[in-house]
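Reader: I am new to this structure and would like to learn how its terms are applied. Could you take me through them with care?

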Amino acid sequence: MAKKSIFQHPSKICILQSLRSRLFSAATNIEQSKHFSIKTKTFSHIYQECKYQGALNPGKQAHARMITSGFMPTVFVTNCLIQMYTKCSNLSYGCKVFDRMPHRDVISWNAMVFAYASCGKMEVAEKLFDEMGERDLVSWNSMISGYLQSGDCRKSIQVFERMGRLGTGFDGVSFAVCLKTCAVLQEYEFGIQVHGLAFRMGFVPDVMVASALVDMYAKCNHLDDSVNIFREISEKNAVSWSALIAGCVQNNQFLTSLEIFKENQSAGVEVNQSIYASVFRSSASLTDLRFGTQVHAHALKTNFASDVIVGTASLDMYAKCNSMTDACKIFTSLPDHSLQSYNAMIIGYARNNKGYDALHWFLLLLKSKLGFNEISLSGVFSACAITKRCFEGMQIHGLAIKSMLVSNISVANAILDMYGKCGSLSESCLVFEEMKIRDAVSYNAIITAHEQNKSEETTLSLFVSMLHSGMEPDEFTYGSVLKVCANQPLLNYGVEIHSRIIKCGLGMNIFVGSSLIDMYCKCGVIEEAEKIRDRICDQNVVSWNSIISGFSSQKQSEDAQRYFSRMLEMGLRPDNFTYATVLDTCANLATVGLGKQIHAQVIKQELQSDAYICSTLVDMYSKCGNMNDSILTFQKSPNRDFVTWNAMICGFAHHGQGPEALRIFENMLHEHVKPNHATFVSVLRACAHMGLAEKGLQYFDAMQFDYSLNPQMEHYSCMVDILGRSGKVNEAMKLIQEMPFEADAIIWRTLLSICKTQGNVDVAEKAAMSILKIEPDDSSAYVLLSNIYADAGMWDKVSELRKLMRRKRLRKEPGCSWIEIKDSVHTFLVDDKAHPKCEEIFEKLDLLICEMKGDVYVPDVDTLLCEGAL
């Protein structure tokens with residue numbers, strides 16, 4: 001839209017008409033009146049009014065009228081003319097008027113010094129300042145503020161010190177500007193000296209100086225001093241309130257800033273642009289959408305909604321409070337869009353894990369011709385990391401190189417993080433090596449990249465390099481390194497890092513403590529994990545989740561549930577990860593009663609739409625044998641990801657419902673959900689239950705050639721089962737031998753079980769020997785092979801195995817089962833008669849056996865006898 005001229009703007013028509021009438025009046029006065037004072041007063045007033053209104057053209061017309069009338073202006077009138085030109089951003093005209101002045105006073109010089117200082121031309125301002133024959137406080141203050149505005153804060157302080165040495169004195173403006181300079185430089189010690197000088201000279205009660213002191217102490221991270229100064233101000237204005245509220249925000253005291261804002265409202269002080277921006281920032285940091293919305297309504301009532309700064313701050317608040325719909329509405333309502341408003345949208349979508357939307361807004365920013373900065377690039381690189389869009393990330397990387405912003409450390413760190421999360425470890429390393437300046441975030445990004453890409457040795461070596469560089473690791477560094485050490489072979493490194501954590505004082509840090517708990521749990525050192533958890537003072541959901549998931553990962557489900565109960569007793573509110581972990585323990589223990597109670601809590605807390613929880617519920621109900629509830633949960637799940645689909649397919653496969661499992665798999669493909677390794681394990685298991693050898697082979701080939709998934713041990717184990725069940729035992733043996741990696745005991749055990757079904761003694765002996773090479777004390781291999789010999793009538797072999805087991809003192813691990821009845825779990829072992837109702841149970845078992853015999857059920861007596869002998 002073309003910019004309106006001053007004569008097209010309705011709000012300024014009246015002003016121009018007034019000025020023109022004054023010009024006419026001035027002409028009349030010049031012609032009719034011989035009184036010099038009337039002419040002087042008329043022109044000076046016109047120039048001053050043009051200055052205040054920013055009306056350059058009427059000012060020029062008045063200047064022209066003055067020249068044509070032959071009026072000889074006084075120094076005062078000429079000074080008003082210079083000020084009018086400089087205030088209307090026409091420095092060249094002001095300079096011409098100044099150069100042609102026959103007589104100049106200190107106000108003339110001050111006007112030019114101030115004008116050049118205000119537009120950043122400090123060399124010219126300094127030259128004029130040096131040429132001045134007489135200087136006053138305005139002259140010195142112009143130089144101090146000029147250097148501050150141009151970014152040369154040290155020079156500003158030097159001028160202030162020079163004023164003190166020359167004895168020119170100070171006024172409130174001098175102190176206010178100097179204190180602002182101290183705030184920018186965070187020169188706390190010098191700021192205290194200036195404070196003392198202002199106090200001695202009696203300027204501290206001045207509201208301008210006091211407000212500057214409030215701002216200085218806050219920006220120097222001495223908020224208590226800032227609050228004390230503020231409380232002593234007798235008549236507070238909007239600037240005072242703004243300085244304190246902004247100071248609280250800068251010191252991350254967001255709740256305090258909101259409380260002070262409430263005080264401001266109670267005092268009835270007018271709210272300005274800066275206060276709104278600070279309060280919106282506090283609401284965003286606290287993700288307090290309700291309060292932020294109230295402040296937004298307040299801004300609407302006070303007609304600040306159209307203000308670009310306030311509008312952008314409210315937009316940023318909505319974005320950081322995960323209300324992107326409202327953020328979009330604010331963006332659309334703004335009369336002018338700034339770079340900051342686009343950045344708020346990009347970062348807002350990136351923070352809400354909506355990477356594609358963030359990329360879309362970055363493209364809109366490029367089309368807007370507003371340019372971009374390091375904040376824009378950091379946000380869009382985060383979006384590429386979220387969406388795993390490495391190609392787009394590379395293009396934007398090229399854009400960063402062309403714009404020279406790649407040298408900015410925050411941009412370089414964002415590029416590092418993007419490549420790491422996209423799995424492009426080599427590119428991430430190249431960026432890291434090319435960085436001239438590295439900070440802790442740089443090391444954290446490259447360490448995390450290697451940790452996420454399972455490069456354990458390099459992760460630890462980079463950690464050592466960080467220490468050698470003199471950089472001190474923070475909680476995020478330790479979090480990544482401890483993840484690498486969360487397996488038994490690297491436990492010793494983890495213990496060393498733990499000792500370093502204690503030395504540097506981060507032992508009680510909640511984030512580091514949770515990482516330590518996780519590491520020790522995954523390494524099986526549960527006792528140490530419990531000690532660390534007990535030592536953490538301010539425990540939160542994360543620390544409790546660490547210990548609960550640790551017990552769960554070690555198959556100690558009862559202990560995990562015990563800690564979950566303690567967590568509830570402490571009054572902490574579980575999150576989706578807590579519920580998912582405890583539901584997994586319910587699945588392991590088949591405690592469907594507790595699972596249903598947790599499901600009810602999930603519904604109460606409105607977490608049932610969480611894909612992570614939904615998939616765990618589907619899995620829990622299926623493993624507890626309750627397929628109807630599992631199917632119902634799956635059908636009601638609003639956001640099904642591949643984990644939810646996998647849980648449903650796996651549930652049907654485990655219950656022998658092969659056709660249903662394959663139907664769900666086909667539906668999954670129809671919904672364009674990409675299957676993963678776990679999906680194909682369940683699909684192949686379903687094919688094994690159904691005896692579909694050809695179908696299983698088709699899926700086995702499809703995972704490699706259609707989905708680029710290399711088969712893992714579990715997939716080969718399923719194929720061995722499929723081939724074996726179809727009678728192709730030798731083909732199963734050949735498949736094991738042709739695998740690209742060494743077979744483990746599980747796959748040999750699968751083959752051995754198939755040999756039992758098919759009665760293949762030769763392959764069974766090879767499988768059993770392979771198991772015993774890997775696990776020499778595995779009693780199940782002896783038992784299975786003994787059963788196969790018994791089926792084949794090879795009783796001498798059975799006798800030999802029995803003697804060998806006795807000699808090795810091996811016994812078959814007794815079977816164990818349990819059932820939950822009325823919140824009580826009943827556990828049973830083979831030949832166990834400890835249950836209080838064992839007699840009733842055995843009577844019922846005898847009755848069932850009699851009924852089975854009546855149905856002509858013939859037990860496998862030979863196997864039973866053989867197993868009993870062992």
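Reader: What makes up the lining of the largest pocket, divided into nonpolar, polar and charged residues?

Author: The lining of the largest pocket divides into 17 nonpolar, 14 polar and six charged residues, where Ala, Val, Leu, Ile, Met, Phe, Trp, Tyr, Cys and Pro count as nonpolar, Asp, Glu, Lys and Arg as charged, and the others, Gly among them, as polar. Please keep in mind that this is a predicted model, in which local features need pLDDT of at least 70 and side-chain atom pairs count only at pLDDT 80 or more, while totals for chains, interfaces and linings use all residues. Residues are numbered from 1 along each chain as its sequence is written, and side-chain values use heavy atoms, with hydrogens and water left out.

Reader: What is meant by a pocket, and which residues lie nearest the centre of the largest pocket?

Author: On a 1 Å grid over the protein atoms alone, a pocket is an open set of points with protein on both sides within 12 Å along at least five of seven lines, and lining residues have an atom within 4 Å of a point. The largest pocket is lined by 37 residues, and Phe114, Ser145, Gln149, Val173 and Val177 lie nearest its centre. Among the elements that give two or more residues to this lining are α6 (106-118), α8 (137-149) and α10 (172-185), helices being DSSP runs of H or I with at least four residues, numbered from the N terminus.

Reader: Why is the pair of Phe700 and Tyr716 called edge-to-face?

Author: Rings of Phe, Tyr and Trp (its six-membered ring) pair if their centres lie within 6.5 Å, and planes under 30 degrees apart count as stacked, over 60 as edge-to-face and the rest as tilted. The ring centres of Phe700 and Tyr716 are 5.5 Å apart and their planes stand at 70 degrees, so the pair is edge-to-face. This pair links helix α41 (residues 693-705), which holds Phe700, with helix α42 (residues 713-725), which holds Tyr716, and both residues are buried.

Reader: What makes Phe476 partly exposed?

Author: Buried means under 20% relative accessible area, exposed over 50%, and partly exposed in between (1.4 Å probe, protein chains only). Phe476 has a relative accessible area of 49%, and therefore counts as partly exposed; Phe511, with 36%, is also partly exposed. These two residues form a tilted aromatic pair, with 5.5 Å from centre to centre and 55 degrees between the planes.

Reader: How do you know whether Ser323 is buried or exposed?

Author: Ser323 has a relative accessibility of 11%, so this residue counts as buried. Ser323 is found in the loop between α18 (308-320) and α19 (324-333), and, leaving aside its neighbours within four places in sequence, is in contact (heavy atoms within 4.5 Å) with Leu289 and Tyr318.

Reader: What is said of the phi of Asn303?

Author: Most residues other than glycine have a negative phi. The phi of Asn303, however, is near 60 degrees, a positive value in a residue other than glycine. Asn303 lies in the loop between α17 (289-301) and α18, and, at 65% relative accessibility, counts as exposed.

Key: On a 1 Å grid over the protein atoms alone, a cavity is a set of points where a 1.4 Å probe fits but cannot get out, and a pocket is an open set with protein on both sides within 12 Å along at least five of seven lines; lining residues have an atom within 4 Å of a point.
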